[in-house]
Amino acid sequence: MRRKRSKHTVFNFVLLLLSTAGLLFIVITMLTEDGSGSRSVQTSAFATPEPDGLPSDEAKAPPLPPSPTASPPPAPTPEPTPVYQEATLIAVGDIMMHKPQIPGAYDKVKKRYDFSEYFKQVTPLFEQGDWVMANLETPIAGASYGYTGYPSFNAPIELLDALDDAGVNILTNANNHVLDKGEKGLLRTLEHLKQYSFAIKGSAASREEADANVIVERNGIKMGILAYTYGTNGIPIPEGKPYMVNMIDENKIIADIKKTKEAGADLVTIALHFGTEYQTQPNEEQKRLSRKLIAEGADIIAGSHPHVIQPYEVLQATDGKGGTRQGLIIYSLGNFISNQRDNTKDYGVIFKVHIRKNATNGTVELKEITSIPTWVHRYQPDRNYRYRILPVEQTIKDSSDSLLTAADYKSLKTHLALLRNRLESMR
Ligand SMILES: [Zn+2]
């Protein structure tokens, strides 16, 4: 009996001890929570609540009465597991429409042009992109202006059908041919472009339109698009309407990068129409300007105008959040479609950039950068030329294209090696 009593007393004593310990623990926990005071509140739209975090009103509630069974101390709040969002950018160079390209695309039965053959072999690659951008280097002013080639371009509107069907969803048109058909021709072009769902940057019908941020969201990643040209082939920008064409102006571009980021862009891609025609390496000004813009917050520079491929480079820059980020400069994407031949003017490149955003802290990485050289195959089944854009490596690998000769394959192999060397020469 005594033993039993004594056992009972010991049991009560242990219970008391445990309760006190429990109470102490809760009080200490409350104090430390209050002491740390400002648990950082994440305001990002993509922020995920910390798994073990207590809502603040619960944290301020009075301590619970001591419980006879004290729970074990909670594990320290773990770092939140990053949530990633991913999307892919596809960028190509100049979409040109030289005079010899036009008649072969006319469908006499349907009484309309059809440029879909251009893009058939690259459409599966475009399908891998969420953003698919190109430089439209011709007005689309309508039939009343006549369809003309160099030096004053005007292409049939059906070109836009083909681009749209192939999966292009961003068109920039700040380039030296944007005013080939004058102010009215540009306004007509913009009207035509707006009949499609393309995001458009580079020229504008009004000040308001020029100032509007173009931010294209894919899989939760917001990409800001900017576009500028070195000039307009001596055709003056319409009097009193400087907003109509975005000219390269370093300070303006830097201000636009900041404005686009403030408007919510996670990264900024800039189409720059610049450089020296037919030069296979960037000039000093291309390098200086592009590197400066990366340092000022741009993430990707998609260059065009030289009509040949130039190398790309990847730079490290600060991300403004105490970390580093990568900047990609593609100095020239070359001609994607044109009638220009020889000295690699008939080659272009598709750049595929896999982008990953850490939705927990908002940082963006260029995870994978792939370059896919392309060749414009021109052939002549009748009086008129036909054109197709072929991905070089895939074409060589398949070796089954009935329209290509042994000499074509040999030339593709030689050029592939040359272009790979050129592309990688600044890495
Ligand atoms: Zn150009």
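The model described here is predicted. Helix α8 itself spans residues 250-262, 13 residues in total, and extends 18 Å from its first C-alpha to its last, close to the 18 Å expected at 1.5 Å a residue. Its buried residues are Ile253, Asp256, Ile257, Thr260 and Lys261. Viewed down the helix axis, these buried residues of α8 fall within an arc of 130°, so they line one face of the helix. The face turned away from the buried side of α8 carries Asn251, Ala255 and Glu262, which are exposed. Just after α8, Gly264 adopts a positive phi of about 115°.

Strand β12 comprises residues 324-333 and is mostly covered, with seven of its ten residues buried. β12 is paired with two strands described here. Strand β10 (residues 300-304) runs parallel to β12 and is joined to it by three bridges; within this pairing, Ile300 has Leu328 of β12 as its bridge partner. Strand β11 (residues 309-318) runs antiparallel to β12, with nine bridges between the two. In β12, Leu333 stands opposite Ile309. β11 and β12 form a hairpin in which five residues separate the strands, and Gly320 in the turn has a positive phi of about 75°.

The largest nonpolar core contains 92 residues. The residues with the most contacts inside this core are Ala91, Ala134, Ile270, Ile301 and Ile330. In soluble globular proteins, nonpolar side chains tend to be buried together. When neighbours within four places in sequence are set aside, Ala91 is in contact with Met133, Ala302, Ile330, Leu333 and Phe351.

Glu277 is located in the loop between β9 and α9. Glu277 counts as exposed because it has 11 C-beta neighbours inside 10 Å, the limit for an exposed residue being 12 or fewer. Although Glu277 and Pro306 are 29 residues apart along the chain, their C-alpha atoms are separated by 3.8 Å. With residues up to four places away in sequence not counted, Glu277 touches His305, Pro306 and His307.

Definitions and conventions:
Residues are numbered from 1 along each chain as its sequence is written. This is a predicted model: local features need pLDDT of at least 70, side-chain atom pairs count only at pLDDT 80 or more; totals for chains, interfaces and linings use all residues. A residue is buried if 20 or more other C-beta atoms lie within 10 Å of its own, exposed if 12 or fewer, and partly exposed in between; C-beta atoms are placed from the backbone. Helices (H or I, at least four residues) and strands (E, at least two) are DSSP runs, numbered from the N terminus. Two strands pair if DSSP finds at least two bridges between them. The expected span of a helix is 1.5 Å times one less than its number of residues. The arc is that of the directions from the helix axis to the C-beta atoms. A nonpolar core is a set of buried Ala, Val, Leu, Ile, Met, Phe, Trp, Tyr and Cys residues joined through C-beta atoms within 7 Å. Two residues are in contact if their C-beta atoms, placed from the backbone, lie within 7 Å.
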